[in-house]
Amino acid sequence: MRMRSVRPALKTALLLAPLTLGVAGAGGSTTPPAAPTPPVRPASAVQPARPAGSAVSLRALADARGLLFGAAVNHTLFDPNEPDYARTLNRHFNAVVAENAMKWAGLHNNREAFAFGFADAIVDTAIKNGQTVRGHTLVWHDSLPPWVYTIQTREELLRAMQDHVTGVVTHFRGRVRMWDVVNEAVSDAPGHPLRSSPFLNLIGPDFIDEAFRAAHAADPDAKLYYNDYNTDGLNGKSDAVYELVRGMLARGVPIHGVGFQAHLNTDFDVRGAQVQANLQRFRDLGLDVQMTEVDVQLRPGRPEAGELARQAAVYRDLLRACLSVKCAGFVTWGVTDFNSWRAGGRPLIFDDVYDPKPAFAALAQELAPPGR
């Protein structure tokens, strides 16, 4: 596999980025996170533009199946030194998610005003290229601006949350078709209660219902999702999420689907974890399911060819489980290994120079029409 040289300082910045940006699945933070500032590849490391990797288009295969096949994107989409990023995204993905630009700190760092510029650029570019946009994320315990932490009463925080959700969804109404409304509200603690957060601690458990109601009122046509990690298979946390959304449905809360992040490594056994059975039980509730943040990290110190083959098998088995329950979407959390929040683990389907990895071929084979 050909690898582009990366300056050590830049690589370190990429690996530390989740701690600053509050990337989904990275856990909570005890202090307000800084505003997103994604790294940019140095011009000295840039190679001339090349064709986007493979004669096979994953986008075309996904379109034929009616599947949203997406990727999370960052500032690199607009970097003139990285034309292969946009070229690869547009050829192989029919859906786009803003990795950080639509989080609360990115849109609403100033309490008195929204800053939609970068998010608008992502949405407008995606629409121009015929891609669907998933909105991520409206309410999350992380990536909050400092002013949220200064609120001391239930009434004030509830109003601020409702105003934020309403302002964002209204701004993108008609352009963003689906939203991760609440992200990672269930904790990893024994018994998996709701996670401690400003929203739970001040508003109470009904903050989740209220966020969904506000989003639905702002855009009745948008599909609304609950999104979480470590819930991909049958386990205690996915049980807790199941009970959460079942209760929401019983209360008439407008929820349409559940997102399963799937931040995994090559030891993950999709069949052993009963991912398909887990997805099916949510489908049986009448909910849509999507794999929303897929990446499969390589384990260090193992033979390269074997690890890449194992990575490909995990991707294949995830997509197979997804398609088996007629899921609506499969989204990788990034485009290339270089830009991944887990860059050191090379977790994506394109390498540092945009060449497809064995995982790409595994997904293409799974998406291909029967008999091909």
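How many helices and strands are there in the protein chain? There are 12 helices and nine strands, where helices (H or I, at least four residues) and strands (E, at least two) are DSSP runs numbered from the N terminus.

## Basis of the model

This is a predicted model, in which local features need pLDDT of at least 70 and side-chain atom pairs count only at pLDDT 80 or more, while totals for chains, interfaces and linings use all residues. Residues are numbered from 1 along each chain as its sequence is written, and side-chain values use heavy atoms, with hydrogens and water left out.

## The chain overall

Of the 372 residues of the protein chain, 57% count as buried; buried means under 20% relative accessible area, exposed over 50%, and partly exposed in between (1.4 Å probe, protein chains only). The chain exposes about 14300 Å², and carbon and sulfur atoms supply 54% of this area. Accessible areas come from the Shrake-Rupley method with a 1.4 Å probe; for residues, only the protein chains shown count as cover.

Contact means heavy atoms within 4.5 Å. Among contacts between residues at least 6 apart in sequence, 81% join residues at least 24 apart.

## Strand 3 and its partners

Strand 3 (residues 132-140) is largely enclosed by the rest of the structure, because nine of its nine residues are buried. Two strands pair if DSSP finds at least two bridges between them. Strand 3 pairs with strand 2 in the parallel sense over three bridges, and V96 stands opposite V133 in strand 3.

Strand 3 also runs parallel to strand 4 (residues 178-183), joined by five bridges. H136 has D180 in strand 4 as its bridge partner. Together with helix 6 (residues 154-171), strands 3 and 4 make a right-handed β-α-β unit; a crossover is right-handed if, with the strands pointing away from the viewer, the path from the first strand over the helix to the second runs clockwise.

## E99

E99 lies in the loop between strand 2 (95-98) and helix 4 (104-107). Leaving aside neighbours within four places in sequence, E99 is in contact with A72, V73, N74, H136, W333 and W341.

E99 is buried yet has no salt bridge, and the nearest side chain of opposite charge, K103, is 6.7 Å away. A salt bridge is a side-chain nitrogen of Lys or Arg within 4 Å of a carboxyl oxygen of Asp or Glu. Lys and Arg count as positive and Asp and Glu as negative, with His and the chain ends not counted.

## L287

L287 is found in the loop between helix 10 (275-283) and strand 8 (288-297). L287 counts as buried because its relative accessibility is 1%. Beyond four places in sequence, the contacts of L287 include V245, L249, H256 and F282. I255 is also in contact with L287; these two residues are 32 apart along the chain, with their C-alpha atoms separated by 7.9 Å.
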